[in-house]
Amino acid sequence: MPDRSEQATTSLETRIVEVLRRRLGKDERAAVPHDWFTATVLTLRDAIIDRWIESTRRTEADDGKQVYYLSLEFLIGRLLRDALSNMGLEPAMAAALRDHGLDLAALEELEPDAALGNGGLGRLAACFMESLATLDIPACGYGIRYVNGMFRQRIDDGWQVELPETWLAHGNPWEFDRRECSYLVGFGGEVVDDGGKVTWHPHEQVEASAIDTPVVGWRGKRVNTLRLWTANALDPIRLDAFNAGDHAGALADQVRAESLVRVLYPTDSNTAGQELRFRQEYFFTAASIQDIVRRHVRQHGHLRSLAEKAAIQINDTHPAIAVAELMRLLLDEHGLSFEEAWQATTGTIAYTNHTLLPEALESWPLPMVERLLPRHMQLIYAINSHVLREARKQGMDERAITAISLIDERGERHVRMANLAFAGSHSVNGVAALHTELMKKTVFADLHTLYPDRINNKTNGVTPRRWLHQCNPGLVAVLREAIGDAFLDDAERLSDLNPMVGDAALGERVGAVKRANKVALAAHIRQVTGIQTDPDALFDVHIKRIHEYKRQLLNLIETVALYDQIRSHPYREWVPRVKIFAGKAAAGYHNAKLIIKLANDIARRVNADPSVGGLLKVVFMPNYNVTLAERIIPAADLSEQISTAGMEASGTGNMKLALNGALTIGTLDGANIEIRDRVGKRNIMTFGLTADEVAGRRADGYNPRALIEGSPELRQAVSAIASGVFSPDDPHRYAGLMGELYERDWFMVAADFDSYQDAQRAIDRYWMDQGEWHAATIRNIANVGWLSSDRTIGEYAREIWKVR
């Protein structure tokens, strides 16, 4: 009699063939790999749907509180392997496909990465959605269904080239079109008072329509919903204009609507870009808030219990307009008083801050906000008046009141979206301990004085399902053999490894898995870039968004200094290194794009120089996304987390890399501090100024020129880059970039260089004792289970949302 696994395999095999025939119109002979991929997804999706419907019905029956997570990004990556793993169907599906001569892993490679995010913000949102389902918390994520994402990165002659993502070119088999969930979103127009009832008459309206994707929790306990909005004009084609010969003009309204969902983060260096970004943020926020209100009224009949039954979490300032939009609906559509509406709004909304960078906190020109959202601007003024009255009652001085105000009156007036989010929320959380304390002392110091109980910390986390179980199955097999399966359900049980840290045999097995992962990555690097790398070298990984505060430039300058040292002192016992960079620069960010070019120029020179004898290789991997991260992270030996102290809110790449056994070299910034506290100071290499020291240097008059001149290795490296050694086709290409280090160096590259270089040489010495390195690797794996998004979401649930 066949066992249960054989029955599951036979059942899946039958269903895949049925789907292939009935829904794709192909039989087994005619089907090509993409057909088999789609049939596999649809077969799995059918199994998920039953859990999805059951989860929805259970939520309605329980009549408990629901969480609504608003984020401009959801970097979900590929979903097939994730869903198969969480549903426990991966072995059966692989066997079913194998009976048809197909390899599941090969089919998984056919799935495009969903182009719905850019970096840590979007990946965090994706981790949170998976953990919400895993912890059996009813939740719905809201965002935008971007047609072309941010961009697909291609490297031409070392330069970043932005191309559109085409992930939806052949449809998305995971999606469900919810045409019944459509809302009108307005812009412009005027506000009129009809006998005491305020009514907004928008000049322009677009239709927001919902597209749903199921989000499966671990072991299929719950399936939640990711609801993304797409946009359409109310009249997609003006036939009168079309028939009059104006064929392009007849489609103008539809093109204008579709621009809202076309690209993530359009460049906002011009007025048109600013307006499009603001329109995007309002479009998805307004549709989401309308949907939340509709769902609540349908289930409860009134809005008096909104704060008891709904928790709205806004992920950074992008959805901050939710405060004004919810107030508008409560006041204008449902007749609540201002006091009732404000109590309901602040009781429902909570705000997560992800940055201390002023430019990322978002402030929009007041005239633009008033022109596009005249009613919301009235409400922002009213909210501001309410907040400033509270501040004056508490005796705050004019300087503090100016800082607290939702309106920045300096120069051209702007609406401060972070202040709006803070004022309109009952909870404002940071995402790492240092970041949260800096929020209190810097950007929100006066608001914290006014509302001293509002700021709290929720250190970020990552889902161990994707970032350990799925991306590193070899390591998981070793861990299961060593400590059993408990860690699969509770990542903090990885601490069971701690008594085995000194087990040399375990260290060798973990090291063998790492080397196998490096062999696979080396093959991929060669396929993509043509660069040959040695898997026995130390793989030194710097993978994240390209930004000056993340200091890829510091790494590159140290790489040049190392290159010079290897050539000057060939007799020393150098540790072979492969420097691996990956990341995208914002399309309008000149210096970040120049840093990418520098990385490629250095790579071209170093990799072709026989004098370094393979001791140093530099690789820039194009088009960094979730799938590429899943290849790189399990193969990393060293994790570069070297942001200027006080500028990285948390980071999550640091957690993923440590979870997979990479040692961190980093500043005392963001969650690096929590990693150090858990793995121990001997198992992380820290360097550089602290956040307080950075602030002190800036306040006291920082002189980077003196530091550069006083450091021979730094001076030589900067001079080589500035003089065109790495850019002989354009000797002055990097003169300005290096000149900024001499004149300003806001990100403290010169201040931290010597300390960073010393830390790198300490890493070399550590690497030479592989027994100690393996022990440190195991200590990292064993002690970062706390940095699971399950723990983070548990804290949100208990302390902010008050849900079970």
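A cavity is a set of points, on a 1 Å grid over the protein atoms alone, where a 1.4 Å probe fits but cannot get out, and its lining residues have an atom within 4 Å of a point. The model here is predicted, so local features need pLDDT of at least 70 and side-chain atom pairs count only at pLDDT 80 or more, while totals for chains, interfaces and linings use all residues. Residues are numbered from 1 along each chain as its sequence is written, and side-chain values use heavy atoms, with hydrogens and water left out.

**Exercise 1.** Find which residues line the second largest cavity, and sort them by class.

*Solution.* Start with the volume, meaning the space filled by probe spheres set on the points, with grid points joined across faces, edges and corners. For this cavity that comes to about 60 Å³. Next, list the lining: Lys544, Lys550, Gln641, Ile642, Ser643, Glu648, Ser650, Asn654, Asp669 and Asn672. Now sort: Ala, Val, Leu, Ile, Met, Phe, Trp, Tyr, Cys and Pro count as nonpolar, Asp, Glu, Lys and Arg as charged, and the others, Gly among them, as polar. You end up with one nonpolar, five polar and four charged residues.

**Exercise 2.** Describe the lining of the largest cavity.

*Solution.* Its volume is about 220 Å³. Count the lining and you get 18 residues, with Ile76, Leu79, Asp82, Pro214 and Val215 nearest the centre. Two or more residues each come from helix 3 (80-87), helix 6 (120-134) and strand 8 (204-216); helices (H or I, at least four residues) and strands (E, at least two) are DSSP runs, numbered from the N terminus. By class, the lining splits into 12 nonpolar, two polar and four charged.

**Exercise 3.** Work out the strand order of the six-stranded open sheet, and name its edges.

*Solution.* Strands pair if DSSP finds at least two bridges between them. Strand 19 (616-621) and strand 22 (685-686) pair on one side only, which puts them at the edges. Strand 21 (residues 663-666) joins strand 22 over two bridges, and Gly666 sits opposite Thr686.

**Exercise 4.** How are helix 23 and helix 30 oriented to each other?

*Solution.* The axes of helix 23 (residues 552-568) and helix 30 (residues 712-722) come within 9 Å and cross at roughly 105 degrees. Angles of 65 to 115 degrees count as roughly perpendicular, so these two helices are roughly perpendicular.

Technical notes:
On a 1 Å grid over the protein atoms alone, a cavity is a set of points where a 1.4 Å probe fits but cannot get out, and a pocket is an open set with protein on both sides within 12 Å along at least five of seven lines; lining residues have an atom within 4 Å of a point. Axes are lines fitted to C-alpha atoms, for helices over the stretch in contact, and angles run from 0 to 180 degrees between N-to-C directions. Angles under 35 degrees count as roughly parallel, over 145 as roughly antiparallel, 65 to 115 as roughly perpendicular and the rest as oblique.
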